[in-house]
Amino acid sequence: MALGSDRPETDFPRGIGAPATRALVAAGYTRLAQLADVPAAELAALHGVGPKALRVLGEALAERGLSLG
């Protein structure tokens with residue numbers, strides 16, 4: 001974690017929100033690239049990851065030439 005921050009050290013887009021970030025980190029994901037090919041339904045099952053977070057993550061992955069599974 002960054003000093004003076006409650007936000008874990010990740011490269012997720014800020015637009016996904018804190019609950020989604022916490023859920024992803026708790027599930028073992030800390031880097032956007034780790035989400036490539038992970039089924040969207042699997043991420044949606046995490047408490048805190050909703051449609052908006054999935055859309056924002058999908059867009060961020062697409063910018064890198066990657067996608068959710």
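A salt bridge is a side-chain nitrogen of Lys or Arg within 4 Å of a carboxyl oxygen of Asp or Glu. In this predicted model, the side chains of R31 and D11 meet that criterion, with a nitrogen-to-oxygen distance of 3.9 Å. The two residues belong to distant parts of the chain: R31 is in the loop between α1 and α2 (40–44), D11 is in the segment before α1, and 20 residues separate them. R31 is partly exposed, with a relative accessible area of 36%. D11 is also partly exposed, at 24%.

D11 takes part in another pairing, with R64, where the side chains meet in a salt bridge at 3.5 Å from N to O. R64 lies in the segment after α3 and D11 in the segment before α1, so this pair ties together parts that are 53 residues apart in sequence. R64 is partly exposed, with a relative accessible area of 45%.

## The pair within helix α3

The side chains of R55 and E59 likewise form a salt bridge, at 3.5 Å from N to O. These residues are 4 positions apart in helix α3, so about one helical turn separates R55 from E59. R55 has a relative accessible area of 45% and is partly exposed; E59, at 43%, counts as partly exposed. Elsewhere, salt bridges that share partners join D11, R31 and R64 into one network.

The count of salt bridges in the model comes to 3.

## Overall architecture

The chain contains 3 helices and 0 strands. Read from the N terminus, its elements follow the order α-α-α. Of the 69 residues in the chain, 35% are buried. The accessible surface comes to about 4100 Å², and carbon and sulfur atoms account for 56% of that area.

Among contacts in the chain with a separation of 6 or more, 46% are between residues 24 or more positions apart.

## The nonpolar core

The largest nonpolar core has 18 residues. Within this core, F12, I16, L24, L35, L43 and V49 touch the most other members. Two elements, α1 (18–26) and α3 (51–63), each give two or more residues to the core. Helix α3 gives the most, with 6 residues.

## The segment after α3

G65 is placed in the segment after α3, the segment that also holds R64. Is G65 buried or exposed? With a relative accessibility of 66%, G65 counts as exposed, because the cut-off for that class is over 50%.

The position of G65 can also be described relative to A36. The C-alpha atoms of G65 and A36 are separated by 9.6 Å, and the two residues are 29 positions apart along the chain.

Key:
Residues numbered from 1 in each chain as written. Predicted model: local features only at pLDDT ≥ 70, side-chain atom pairs only at ≥ 80, totals over all residues. Heavy atoms only, no water. Core = buried A, V, L, I, M, F, W, Y, C linked by side-chain atoms within 4.5 Å. Buried < 20%, exposed > 50% of the residue type's maximum accessible area, 1.4 Å probe, protein only. Contact = heavy atoms within 4.5 Å. Areas by Shrake-Rupley, 256 points an atom, 1.4 Å probe, with all protein chains shown as cover.
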